[in-house]
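Take a look at the structure below and keep it in view while you read. We'll walk through it a piece at a time.

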Amino acid sequence: MKIAVVNGPNMNLLGRRQPEIYGHRTLHDIELSLREEFADVEFLFFQSNSEGALVSEIQRLGYEEERLDGIVLNAAAYTHTSLAIADAVAAIPVPVVEVHLSNVFAREQLRRQSLIAPVCAGSISGFGAAVYSLAVRALKK
Ligand code: DQA
């Protein structure tokens, strides 16, 4: 299987950024754990702080990446604001699983809304770094 893991703004600061909310593990740690846990999966990792770059990468993954089985997407703050990312997810023929490290439903009101959730295959939120592994398992089913 081939799975892409796409992370949005400020996810490059994981491990240093509000560890009481997002934990102490860096994005690199999470990527290494995924490669270790799923040795049979080919992973592609992408992170950007820019909305346009995320849209372009989702389009590229959806239409140009050969034999891609799914995308794990943590769009971070763009989850709550970006119709452009939601449209890109809706536009591609590849299933996308939305993930969030924190339980967004237990946080501020504006984080309880996801523009991306309705166009995803499913959403996983609130289990820390394990959400990435759970999403890969969901895509493997
Ligand atoms: C997040 C939750 C978002 O509300 C927030 O803007 C993030 C990270 C999470 O993984 O918990 O940057 O997507």
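Let's start with a term: a residue is buried when its relative accessible area is under 20%, exposed when that area is over 50%, and partly exposed in between, using a 1.4 Å probe and the protein chains only. What you're looking at is a predicted model, where local features need pLDDT of at least 70, side-chain atom pairs count only at pLDDT 80 or more, and totals for chains, interfaces and linings use all residues. Residues are numbered from 1 along each chain as its sequence is written, and side-chain values use heavy atoms, with hydrogens and water left out.

Now for the charged pairs. Side chains of opposite charge can pair when their charged atoms come close. We'll call it a salt bridge when a side-chain nitrogen of Lys or Arg is within 4 Å of a carboxyl oxygen of Asp or Glu. How many of these does a search of the whole structure find? It turns up seven salt bridges.

One of them joins Lys140 and Asp40, with 2.7 Å between the closest N and O atoms. Lys140 sits in helix 5 (residues 130-140) and Asp40 in the loop between helix 2 (27-37) and strand 2 (42-47), so this pair ties together parts 100 residues apart in sequence. Helices (H or I, at least four residues) and strands (E, at least two) are DSSP runs, by the way, numbered from the N terminus. As for Lys140, its relative accessible area is 33%, so it counts as partly exposed.

Another salt bridge pairs Glu65 with Lys2, and here the closest N and O atoms are 2.7 Å apart. This pair also links distant parts of the chain: Glu65 is in the loop between helix 3 (51-63) and strand 3 (70-74), while Lys2 is in strand 1 (residues 2-7), 63 residues away. Are these two buried or exposed? Both Glu65 and Lys2 are buried.

Then there's Glu108 with Arg111, whose closest N and O atoms are 3.0 Å apart. Glu108 is partly exposed at 37% relative accessible area, and Arg111 is partly exposed at 22%. Elsewhere, salt bridges that share partners join Lys2, Glu57, Arg60 and Glu65 into one network.

Arg111 also brings us to the ligand, since it's one of the residues surrounding it, a group including Tyr22, Asn74, Ala77, His100 and Ser102; a residue belongs here if one of its heavy atoms lies within 4 Å. This shell divides into five nonpolar, four polar and two charged residues. Which atoms come up to the ligand's oxygens? A side-chain N or O atom of Ser102 is 2.6 Å from a ligand oxygen, one in the side chain of Asn74 is 2.8 Å from a ligand oxygen, and a polar backbone atom of Ala77 is 3.2 Å from one. On its own the ligand has 320 Å² of accessible area, and the protein covers 99% of it (areas come from the Shrake-Rupley method with a 1.4 Å probe; for residues, only the protein chains shown count as cover).

Tyr132 has 1% relative accessibility, so it's buried.

Methods: A polar contact is a pair of N or O atoms within 3.5 Å; within protein, one must be able to donate a hydrogen and the other to accept it, and residues adjacent in sequence count only if both atoms are side-chain atoms. Ala, Val, Leu, Ile, Met, Phe, Trp, Tyr, Cys and Pro count as nonpolar, Asp, Glu, Lys and Arg as charged, and the others, Gly among them, as polar.
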